[in-house]
Amino acid sequence: MAEDKNTLLVARDLKKYFDIGRGQVVKAVDGISFSIKEGETLGLVGESGCGKSTVGRTIVGLYDATDGEVIFDGMNVGELDKKEKKHFTRKAQMIFQDPYASLNPRMTITDIIGEGIDIHELYEGKERQKRIYDLLEVVGLSREHASRFPHEFSGGQRQRIGIARALAIEPRFIVCDEPISALDVSIQAQVVNLLEDLQDDLGLTYLFIAHDLSMVKHISDRIAVMYLGAMVELADSHDLYEQPLHPYTQALLSAVPIPDPDIEKSRQRIILEGDVPSPINPPPGCKFQGRCKYVQPICREVAPEFKEKGKNHFVACHVVK
Amino acid sequence: MSEVKTEQVEGLKLTEDMFQRIGKDEKDYDKIVRPSLTYWADAWRRLKENKLAIMSLIILIVVVVMAFIGPLMRPWAYDDQDFTAINKAPDSVHWFGTDDLGRDIFVRCWDGAKISLFVALISTIINVTIGVVYGGISGYVGGRTDLIMMRIIEIIYSIPVLLWVILLMVVLGQGLGTIILAISITGWGGMARIVRGQVLQLKQMEFVLAAQTLGADTSRIILKHLIPNAMGPIIINLTFQVPGAIFTEAMLSYIGLGIPEPTASWGTLAEKGTKMLLIHPYQLLYPALLISITMLAFNILGDGLRDSLDPRLRQ
Amino acid sequence: MEKLNKDKLLLEVKDLHVSFDTYAGEVKAVRGVNFHVNRGETLAIVGESGCGKSVTAQTIMQLIPMPPGKIKKGSIIFDGNDLAKYSDKKMESVRGKEISMVFQDPMTSLNPTMKVGKQIMEGLIKHQKMSKEEAKKRAVEMLKLVGLPTPEKRAEQYPHEFSGGMRQRAMIAIALACNPKLLIADEPTTALDVTIQAQIIELMKDLQIKLDTAIILITHDLGVVAKISDRIAVMYAGVIVESGTSNEIFYKPKHPYTWGLLKSVPRLDLERKERLLPIYGTPPDLFSPPAGCPFAARCDYAMKICKEKYPQKFGITDTHHVHCWLQHEMAPEVKHPLAEGGTN
């Protein structure tokens, strides 16, 4: 993968295994590589359990990678000392999935948003309060909300508070870990628009993790598709939707419902048989082989390489020519 | 009903200007109308609805207040003897009667309350402090550390309380300190387990991950995020620890391993009373009543607190 | 007004009001809901969380805890009987037998300590008075019907051995085992992945044709219902603001809230436009619902009257009704934004 000087983040052969005892290992992320350019949005999609959230958490340093490396703005995230790590957290932030679990129920909104400011000692007293009011305004809430507690807010409002918390320490890069999956469709657009506005105003870079493909297509410049800890396809978002190459991507796209009865009734779905296998003992060869209708003998033995098959269009599949 | 029919809708006259477009109301659409309520205010509101718990709380306050002013209400001290009034039944002079040495039982009961509550208070403070710190570390660090720390608790637990008391008594001699130490050694494990369980659960929550992503250090996460959220179960456990300690002290004193004479505690009073049970039953009645009422009140209050502090029951 | 066909009519909910008592006062979760379901058809109730759609469904089944909840007014006529007046005991013979329910979370709605086959048999033995052998045979049949491979083996397994999609299939098998006349599915696909979602919707559609069960499908996502629903009711803040056939709601929606629902979601099959058009703000707290139209504060087209008076029902066609002052003849002409070149 080409890395020019615009590249903000590179993940190389990233692996994250979890030891769950009795000698069993969950291979949540099993060797994936990608890069994100400054100011772009990379979408990361896949079904639950495919390891997409683990990728996000490993990148911001919540987990230590089992193998491989994450290079952020020239720093190797896995090899930072305590001081460098604190410096790194100011640059890379995260927005979480569950608007109910991601805010401390015992803290006021002021203290939740102010936490980063306090940790990094950015402002104090009146300036701190003003900064918090400003941030509330940025995310479309008002200062009257500042003294209230999380449980008094709706899901969409909480998610905006979570965004304000991340913004408080002026990061350059934000991992959005399924920020809209738990929200009503009518509220999702609010959050997505907010994220887009912030990107335009502040020049932010996003890794946008989701399972909702229509929203990912809308917000992302490029999209990566994960299946069972491996990356199966990576392409410009337009290309991926127009010409999905990997059989899994094709199935994923065809499953997305379209709010139009006529189109829906005439649409032919690729229904995937069976379920995602367990990441504890993933099948040898291609991880998708058990559910793939184009499966060849080679797929069962050799894991396909992640190769560029079109311009900026990478895919890991033996069948795709 | 395919066309609009009336100009008059339920007494409201429709006019042209009512149909002026004003658009959405940005001030209004994110407004919160419910009154703000903190966790503790909400818990107090629930507790207040629980009549039994509030009654228990009042009883406990009365017991604590009486422990201090009770002995002052009568002219005698706990060890003053009146040989003219031995084994007297309750009357207007000796409200709870006197014992075989002519000591006033009313004074001794409230003085005993002071000792019993003191033992309970100190041992509970020790239990909570050790339990929260130990359980917090065990749960937060996890892995092998957690495994070893939990096994240590099990080892301590596997030795009966009585054995601890006897061992300590051999080393330290009989006294208040020995009893507090014995109760503390065997009591903090329960608290530690509860805190550990809470921390294990809480540290997976996204708000803790968010704090870590913001660069928060371990002490900040434990103090600002984990402990405040574990406070409910800690308080509930605490209200059950206090009566446990009172009871253990009473039991130890009752079997003669407690506080030596002439100091009174509820346990020693009950022990003396038992000997006179057949002749002067009132000598057992009052201390036994006090022990029972206090225990019951703490347990009911604990139940009430559990109902009002448990987040699962919040709506 | 559409003439209700007595023979086809299965369920009719009339002027239903449901409230909950909380510390802050009475929360009016459902505030006068009217709808009906014909035999064998699918009605989708669409709305965001807190709009009262789940409460409505649970009230039909009498599953809301009372207190703090209570039915303040209204009737639920099912097959000629008013369920709102049924005692708990009497409801037991309706639940599972006449009306079944599938919940959002397949993880928590199955009993983790009981074999899946046994959970299906329970209802059969209770309601159909089947013998154990018959029930077992039927349980395996049901598992096969919902598309689980090796149903004999699956019947002997516990829920934790099932994946999320399989659990939801098992739930559907339990729900349909006694051949109920009505299946209420409360967000049956929300907790599932997209590929599994598609499977479950296809399955429900299939089974409906095979078993001729009426379905009430409750969801917040209009996209999910496009394929399966015959009619749609859009619910907001405890009231149904628009109802009509599937085509009417998708192609000729009249309520600004329905427009909002349709255009706030990007469509996979259409080219990306620069911005989404969200519905701003948050639904009103039903602890003190606004006097006028509950959507007025968030509505781009709100007029003065909307703040004062809840709009009457305007009939567009026999089947299409909307509660919105824009339909009044004095209201300014508003072209609905979907007509101007599709969704975003």
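How many bridges join β6(A) to β7(A), and do these strands run parallel or antiparallel? Four bridges join them, and the two strands run parallel. The legends below describe close-up views of a predicted model.

**Figure 1**
β7(A) is mostly covered, with five of its five residues buried. A:F173, A:V175 and A:D177 point one way from the strand. A:I174 and A:C176 point the other way. In a regular strand the side chains alternate between the two faces of the sheet.

**Figure 1. The eight-stranded sheet of chain A.**
The sheet is open, and its strand order is β6-β7-β8-β3-β9-β10-β12-β11. Its pairing is mixed. β6 and β11 (307-310) stand at the edges with a single partner strand each, so one side of each has no neighbour in the sheet. On average, neighbouring strands are turned by 20° against each other, direction ignored. Strands of a sheet pair through backbone hydrogen bonds, either parallel or antiparallel. Within this sheet, β3 (residues 41-45) and β9 (residues 222-227) of chain A run parallel and are joined by four bridges. A:L44 stands opposite A:A224 in β9(A).

**Figure 2. Helix α1 of chain A on the sheet.**
Helix α1 (residues 52-59) of chain A packs on the sheet. The helix touches β3, β6, β7 (173-177), β8 (205-210) and β9 of chain A. The direction of α1(A) makes about 150° with that of β8(A).

Helix α9 (residues 247-255) of chain A lies across β9 and β10 (230-236) of chain A. It runs at about 105° to β9(A). Buried residues of α9(A) are A:P247, A:Y248, A:T249, A:A251, A:L252 and A:A255. They pack against α7 (213-219), β9, β10 and α8 (237-242) of chain A. α7 of chain C also takes part in this packing.

**Figure 3. The contact between chains C and A.**
In this view, 39 residues of chain C are in contact with 37 residues of chain A. On the chain C side, two or more residues each come from α6 (164-176), α7 (194-211), α8 (222-225), α9 (246-251) and α10 (256-263). α7(C) gives the largest share, six residues. By class, this side of chain C has 17 nonpolar, 13 polar and nine charged residues.

**Figure 4. The contact between chains A and B.**
Here 25 residues of chain A are in contact with 20 residues of chain B. On the chain A side, α2 (82-91), β6 (92-95), α3 (109-119) and α5 (155-167) each supply at least two residues. The largest share, three residues, comes from α3(A). This side of chain A has 11 nonpolar, seven polar and seven charged residues.

**Figure 5. Helices α4 and α6 of chain B.**
The axes of α4 (residues 143-158) and α6 (residues 176-202) of chain B come within 9 Å and cross at roughly 140°. That angle makes α4(B) oblique to α6(B). The crossing is left-handed. From α4(B), the contact uses B:I153, B:I156 and B:Y157. From α6(B), it uses B:I185, B:T186, B:G189, B:A192 and B:R193. The contact residues divide into five nonpolar, two polar and one charged.

**Figure 6. Helices α6 and α8 of chain B.**
α6(B) packs with helix α8 (residues 218-254) of chain B at an angle of about 155°, with the axes 10 Å apart. That makes α6(B) roughly antiparallel to α8(B). This crossing is right-handed. Contact residues of α6(B) include B:I179, B:I183, B:G187, B:G190 and B:M191. Those of α8(B) include B:L226, B:N229, B:A230, B:P233 and B:I234. By class, the contact has 13 nonpolar, eight polar and one charged residues.

Methods: Residues are numbered from 1 along each chain as its sequence is written. Chains are lettered from A and ligands numbered from 1 in the order in which they are written. This is a predicted model: local features need pLDDT of at least 70, side-chain atom pairs count only at pLDDT 80 or more; totals for chains, interfaces and linings use all residues. Two residues are in contact if their C-beta atoms, placed from the backbone, lie within 7 Å. Ala, Val, Leu, Ile, Met, Phe, Trp, Tyr, Cys and Pro count as nonpolar, Asp, Glu, Lys and Arg as charged, and the others, Gly among them, as polar. Axes are lines fitted to C-alpha atoms, for helices over the stretch in contact, and angles run from 0 to 180 degrees between N-to-C directions. Angles under 35 degrees count as roughly parallel, over 145 as roughly antiparallel, 65 to 115 as roughly perpendicular and the rest as oblique. A crossing is left-handed if the near helix is turned anticlockwise from the far one by less than a right angle, and right-handed if clockwise. Two strands pair if DSSP finds at least two bridges between them. A residue is buried if 20 or more other C-beta atoms lie within 10 Å of its own, exposed if 12 or fewer, and partly exposed in between; C-beta atoms are placed from the backbone.
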